[in-house]
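Have a viewer open and try each task before reading its solution.

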Amino acid sequence: MIPTITAFERSPDGGKGLARDMRVRWALEEVGQPYDVRLLSFEAMKQGAHLALHPFGQIPTYEDGDLALFESGAIVLHIAGRHAGLLPADANARARAIMWMFAAVNTVEAPILELVSARLLESDKSWTKERMPLVEDRVRDRLKQLSARLGDADWLDGAFSAGDLMMVAVLLRLRASGLLDEYPNLSAYVARGEARPAYKRAFDAQLAVFTAASTG
Ligand code: GTB
């Protein structure tokens, strides 16, 4: 059976691959699992049929037979557990790869989302200008620590894993801010992720949705 995921009918990022269906698409491409996509308008995301799948009315979701999941990290972990290619066979290395997935969404993504919110949603507030350096420095703290740990390695812990997939996906949200460029090894790490054929296939697929929505 082919799993079905959900994605924005028209992504607000203009096809830059920043919405979280991208990490699920990338994981499915890495393991060679074909998938279907159900596109949703913002309105449909908040209605009964989708809320039955996703209590918070968001994308992405994942359906495969009797299984329905939401939360991009949980979906990527499920895909990585079912197919070879995203988690090491060695039990300890596997646990560490999963640790990096959690680090990506819990420890690194949190300050990045603060920054994104400050820039996109709070830019008109009187206090944003004063608060911004603090928010940026919280991101810098995490990047500095991550950069120190990565060093000159290609990936976070040996071979590319679901941990790297999640971390690269999270770091990509920073590109527009320029903060990533302050850490050349992290910029190169993200570029390595983007250069993977599976990433490119996933990116092209989500871009095609945006292009079709814009021209259709
Ligand atoms: N923790 C959940 C997960 O990881 O799956 C978060 C899911 C989530 O935030 N989904 C967003 C959503 O459905 C889309 S990805 N938002 C609609 C809503 O909440 O009503 C977040 C996102 C949105 C837009 C951009 N962008 O334009 O650049 C990037 C990322």
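## Exercise 1: the largest cavity

In this predicted model, the largest cavity has a volume of about 90 Å³. Find which residues line the largest cavity, then work out which element gives the most to that lining.

Solution. 

- Step 1. Start with the residues themselves: Ala-7, Phe-8, Ser-11, Gly-15, Gly-17, Ala-19, Asp-21, Arg-25, Gln-206, Val-209 and Phe-210 form the lining of the largest cavity.
- Step 2. Pick the top contributor: H9, which gives three residues.
- Step 3. Sort the lining by class, and you get five nonpolar, four polar and two charged residues.

## Exercise 2: the second cavity

Say how many cavities of 30 Å³ or more there are, and describe the second largest cavity by its volume and its lining.

Solution. 

- Step 1. The count is two cavities at that cut-off of 30 Å³ or more.
- Step 2. The second largest cavity comes out at about 70 Å³.
- Step 3. Around the second largest cavity you'll find Gly-17, Leu-18, Ala-19, Met-22, Arg-23, Trp-26, Ala-169, Leu-172, Arg-173 and Tyr-199. H1 and helix H7 (162-172) are the elements that supply two or more residues here.
- Step 4. H1 has the largest share of this lining, with three residues.
- Step 5. By class, the lining of the second largest cavity splits into seven nonpolar, one polar and two charged residues.

## Exercise 3: the largest pocket

Estimate how much space lies in the largest pocket, and name the helix with the largest share of its lining.

Solution. 

- Step 1. The largest pocket holds about 1,300 Å³ of space. It has 42 lining residues, and Leu-18, Ala-19, Arg-20, Leu-113 and Arg-173 are the closest to its centre.
- Step 2. Look for the helices that line the largest pocket: helix H2 (42-45), helix H4 (72-82), helix H5 (91-120) and helix H9 (197-215) each bring at least two residues.
- Step 3. H5 takes the largest share, at 11 residues.
- Step 4. The class tally for the lining of the largest pocket is 23 nonpolar, nine polar and 10 charged.

## Exercise 4: the ligand

Solution. 

- Step 1. Check the shell. There are 15 residues around the ligand, and Arg-20, Lys-46, Ile-59, Glu-71 and Ser-72 come nearest. This shell divides into eight nonpolar, two polar and five charged residues.
- Step 2. Go through the polar contacts, using a cut-off of 3.5 Å between N or O atoms. A polar backbone atom of Asp-13 is 3.1 Å from a ligand oxygen. On the nitrogen side, a polar backbone atom of Ile-59 lies 2.8 Å from a ligand nitrogen, and a polar side-chain atom of Glu-71 is 2.8 Å from a nitrogen atom of the ligand.
- Step 3. Finish with the cover: of the 680 Å² of accessible area that the ligand has on its own, the protein covers 78%.

Key
Residues are numbered from 1 along each chain as its sequence is written. This is a predicted model: local features need pLDDT of at least 70, side-chain atom pairs count only at pLDDT 80 or more; totals for chains, interfaces and linings use all residues. Side-chain values use heavy atoms; hydrogens and water are left out. A residue is near a molecule or strand if one of its heavy atoms lies within 4 Å of it. A polar contact is a pair of N or O atoms within 3.5 Å; within protein, one must be able to donate a hydrogen and the other to accept it, and residues adjacent in sequence count only if both atoms are side-chain atoms. Accessible areas come from the Shrake-Rupley method with a 1.4 Å probe; for residues, only the protein chains shown count as cover. Ala, Val, Leu, Ile, Met, Phe, Trp, Tyr, Cys and Pro count as nonpolar, Asp, Glu, Lys and Arg as charged, and the others, Gly among them, as polar. On a 1 Å grid over the protein atoms alone, a cavity is a set of points where a 1.4 Å probe fits but cannot get out, and a pocket is an open set with protein on both sides within 12 Å along at least five of seven lines; lining residues have an atom within 4 Å of a point. Grid points are joined across faces, edges and corners, and a volume is the space filled by probe spheres set on the points. Helices (H or I, at least four residues) and strands (E, at least two) are DSSP runs, numbered from the N terminus.
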